[in-house]
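Subject: Model handover and findings

Dear colleague,

Please find the structure handed over below, followed by an account of what was found in it.

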Amino acid sequence: MMAFEIDVMTLIKIVGALGAGYIGWRRWVDFESNRLFNKYVKASDFAYKLAEKTNKDQLEALGRKYGIAAFTGDVRLSLKQRERILSATDPIKHIEVYKKCAHLVDVTEQGNELFEWKEKRHNNKAWRSVLKIFYFGIYTLSVMAYLKLPDIVPSFFNMLITKFEVHTLSGKVLFHCVYGAVFFIIAYFGITQGMKIKSAESLIENNNAIRESDGERT
């Protein structure tokens, strides 16, 4: 009975630690995603206030540049690129999409096309299809492996439990948490990479097609 009570207390600590870790991780992600925005917003406000006091047009222009940078969030973009991205067909939605797949697409500085693939091979639809099948395949196989591995190869699964000397209730729970976390990370990687390619495709196709049909020239 005493051993069971100890196991339960250990289990509570493990669950609490995992919960605290997840909350901390979410807070850090939110902080990182908003830090650049808040930084540029403050700089923009300060530049505008200083412009009012000094009547300096340069400071007002600087405030505008910081304001645009706050929305786009990518410090690598040139001023021309930041201004261009505001002309997206759905600026609020597409700026957020761009932030998620900025490693895949570039913002053009001129012409009808607003976005283009960074790597030329991504222009090939067949290549993109192969990548999506690969990444979604990783996701599917990871989920299936997590659910079916103990049934398909029980000897291997039991060998892992024996090797790590998992005997107590809390030990088994911790083992399954770690075991599940490994497959979750692999599955999460696969689904996010696949979705980023799909999002980049939609971003490029939606904006470029509409801009070309409107006959826009810049």
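R128 counts as buried, because its relative accessibility is 7%, where buried means under 20% relative accessible area, exposed over 50% and partly exposed in between (1.4 Å probe, protein chains only). R128 forms a salt bridge with E201, and the closest N and O atoms of the two are 2.6 Å apart; a salt bridge here is a side-chain nitrogen of Lys or Arg within 4 Å of a carboxyl oxygen of Asp or Glu. The pair links distant parts of the chain, with R128 in helix α5 and E201 in helix α7, 73 residues apart. E201 likewise counts as buried, since its relative accessibility is 9%. K132 belongs to this picture too, as R128, K132 and E201 are linked in a network of salt bridges.

Before going further, please note that this is a predicted model, in which local features need pLDDT of at least 70 and side-chain atom pairs count only at pLDDT 80 or more, while totals for chains, interfaces and linings use all residues. Residues are numbered from 1 along each chain as its sequence is written, and side-chain values use heavy atoms, with hydrogens and water left out.

As for the overall fold, the protein chain comes to seven helices and two strands, and from the N terminus on its elements run α-α-α-α-β-β-α-α-α. Helices (H or I, at least four residues) and strands (E, at least two) are DSSP runs, numbered from the N terminus. Of the 218 residues in the protein chain, 29% are buried. Among contacts (heavy atoms within 4.5 Å) between residues at least 6 apart in sequence, 65% join residues at least 24 apart. The chain exposes about 14,600 Å², of which carbon and sulfur atoms supply 63%; accessible areas come from the Shrake-Rupley method with a 1.4 Å probe, and for residues only the protein chains shown count as cover.

A search of the whole structure finds six salt bridges. One of them joins K99 to E96, with the closest N and O atoms 3.4 Å apart. K99 and E96 are separated by about one helical turn, because they are three residues apart in helix α4 (residues 91-100). K99 counts as partly exposed at 37% relative accessibility, and E96 counts as partly exposed at 40%. In another salt bridge, the side chains of E119 and R121 meet at 2.6 Å, N to O, and E119 is partly exposed at 35% relative accessibility.

Not counting residues up to four places away in sequence, F71 touches I95 and K99. F71 and I92 are 21 residues apart in sequence and 8.7 Å apart in space, C-alpha to C-alpha.

In helix α7 (residues 169-213) you will find N207, which is buried, with a relative accessible area of 0%. A polar atom of the N207 side chain lies 2.8 Å from the backbone nitrogen of T89. With residues up to four places away in sequence left out, N207 touches A88, T89, H94, L114 and F115.

Ring pairs link F134, Y135 and F189 into a cluster. Y139, which lies in helix α5 (residues 125-152), is partly exposed, with a relative accessible area of 34%. Y139 makes a nonpolar surface patch of about 350 Å² together with V143, Y146 and L147; patches are made of residues with over 30% relative accessible area and no salt bridge, like charges being joined within 9 Å and nonpolar side chains (Val, Leu, Ile, Met, Phe, Trp, Tyr) within 5 Å.

One backbone detail remains: N55, in the loop between α1 (2-54) and α2, has a phi near 60°, a positive value in a residue other than glycine. N55 counts as exposed, at 64% relative accessibility.

Kind regards

Methods
A polar contact is a pair of N or O atoms within 3.5 Å; within protein, one must be able to donate a hydrogen and the other to accept it, and residues adjacent in sequence count only if both atoms are side-chain atoms. Rings of Phe, Tyr and Trp (its six-membered ring) pair if their centres lie within 6.5 Å; planes under 30 degrees apart count as stacked, over 60 as edge-to-face and the rest as tilted.
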